[in-house]
Amino acid sequence: MIPDWETDFLYFSDLLPKKQPKLYKNLIKLLRKAKIKYGFLPHTKDIWCRDYMPVQIDKNKFVQFRYDPDYLKPEKFAHLKSEPAIINSHLGISPKYSNLILDGGNIVFSERAVILTDKVFKENPTYSKDVLIQTLATLFETEEIYFIPKQPYDIYGHADGMIRFVSNDTVILNDFSKESKSFQKKLEKFLKNLPFRVFFLKIPFEHKLNWCYINYIHIKNQIIIPVINHPKEEKVLYQFEEIFKGHKIWTLYSEEILIQGGGLHCISWNIKSQKLKKLKFYDNFIFINKT
């Protein structure tokens, strides 16, 4: 698989400039300063593009899971379901399509390992646990698949709000010290079976959005962390500087999207862009060169 640190191009929903104009303006300014290449996905119906876009297995191989999350089942949310096949076709991507229901936000991975929350079993009840695991192993082309217990009361059940890969042998875990003892016991059991070095992020204050830091963008050797401008936030950012030594750390005030339940990782999709169709830029929007 192509991990974050090997990617070189960021995509965002083409709705982002309209839906989140303030964040969009500051984000583009940051990307230009960081010299990060970016573009926009067409035909999207909401800004959370991580969830409905495919996983890049190698330079020219992608796996597309079925985008049919339970939190969009009510009829009033039906208009928010983007159709990945239309977007993929526009980009010139021909992924392997799977019938498994799995959001991109519930997939964190290194070159050889994948971590998902156990919500994937609930979302695919017609599969036995063994068959589901083997199907995932075939699609991801790895036997190293680990299931972290879903955080209580999280309707999305996404792994990218809980744990992220720093490198192939290191992960960073969000601060769950305020969670119930029963959940912490499940988490402890998960960590015992995890063959990676674990950095435990410490959030030294209580805030309804203090989960946001783990939902950062990682592209090449650069990290973009969503922040809320809390007076004690520097203590969190210092931990990232220690963990991601050799990386350039950026911050972006992101409360505009955080209050809706997602962070910077949620609104982005980063890939290694080689082998895709040539791209042209027009006033910061991206179009496919048909020639």
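Ground rules. The model is predicted, so local features need pLDDT of at least 70 and side-chain atom pairs count only at pLDDT 80 or more, while totals for chains, interfaces and linings use all residues. Residues are numbered from 1 along each chain as its sequence is written, and side-chain values use heavy atoms, with hydrogens and water left out.

Start with Tyr-11. Tyr-11 sits in strand E1, residues 9–13. Helices (H or I, at least four residues) and strands (E, at least two) are DSSP runs, numbered from the N terminus. Is Tyr-11 buried or exposed? Buried, with a relative accessible area of 1%. The cut-offs: buried is under 20% relative accessible area, exposed is over 50%, partly exposed is in between, with a 1.4 Å probe and protein chains only. Tyr-38 is 27 residues apart from Tyr-11 along the chain, yet their C-alpha atoms are separated by 5.6 Å.

Next, strand pairing. Two strands pair if DSSP finds at least two bridges between them. E3 (residues 55–58) and E4 (residues 61–66) run antiparallel, joined by three bridges. They form a hairpin with two residues between them. Val-55 stands opposite Val-63 in E4.

E4 also pairs with E5, residues 96–101, in the parallel sense, over three bridges. Here Gln-64 stands opposite Tyr-97 in E5. From E4 the chain crosses through helix H4, residues 84–91, to E5, and this β-α-β crossover is right-handed. That is, with the strands pointing away from the viewer, the path from the first strand over the helix to the second runs clockwise.

Now the pockets. On a 1 Å grid over the protein atoms alone, a pocket is an open set of points with protein on both sides within 12 Å along at least five of seven lines; lining residues have an atom within 4 Å of a point. Grid points are joined across faces, edges and corners, and a volume is the space filled by probe spheres set on the points.

The largest pocket holds about 940 Å³. Its lining has 40 residues, and Asp-154, Tyr-156, Trp-211, Gly-261 and Gly-262 lie nearest the centre. By class: 17 nonpolar, 12 polar, 11 charged. Ala, Val, Leu, Ile, Met, Phe, Trp, Tyr, Cys and Pro count as nonpolar, Asp, Glu, Lys and Arg as charged, and the others, Gly among them, as polar.

The second largest pocket has about 180 Å³. Its lining includes Leu-173, Phe-176 and Lys-202. Which helix gives the largest share of that lining? H7, residues 181–192, with four residues.

Methods
On a 1 Å grid over the protein atoms alone, a cavity is a set of points where a 1.4 Å probe fits but cannot get out, and a pocket is an open set with protein on both sides within 12 Å along at least five of seven lines; lining residues have an atom within 4 Å of a point.
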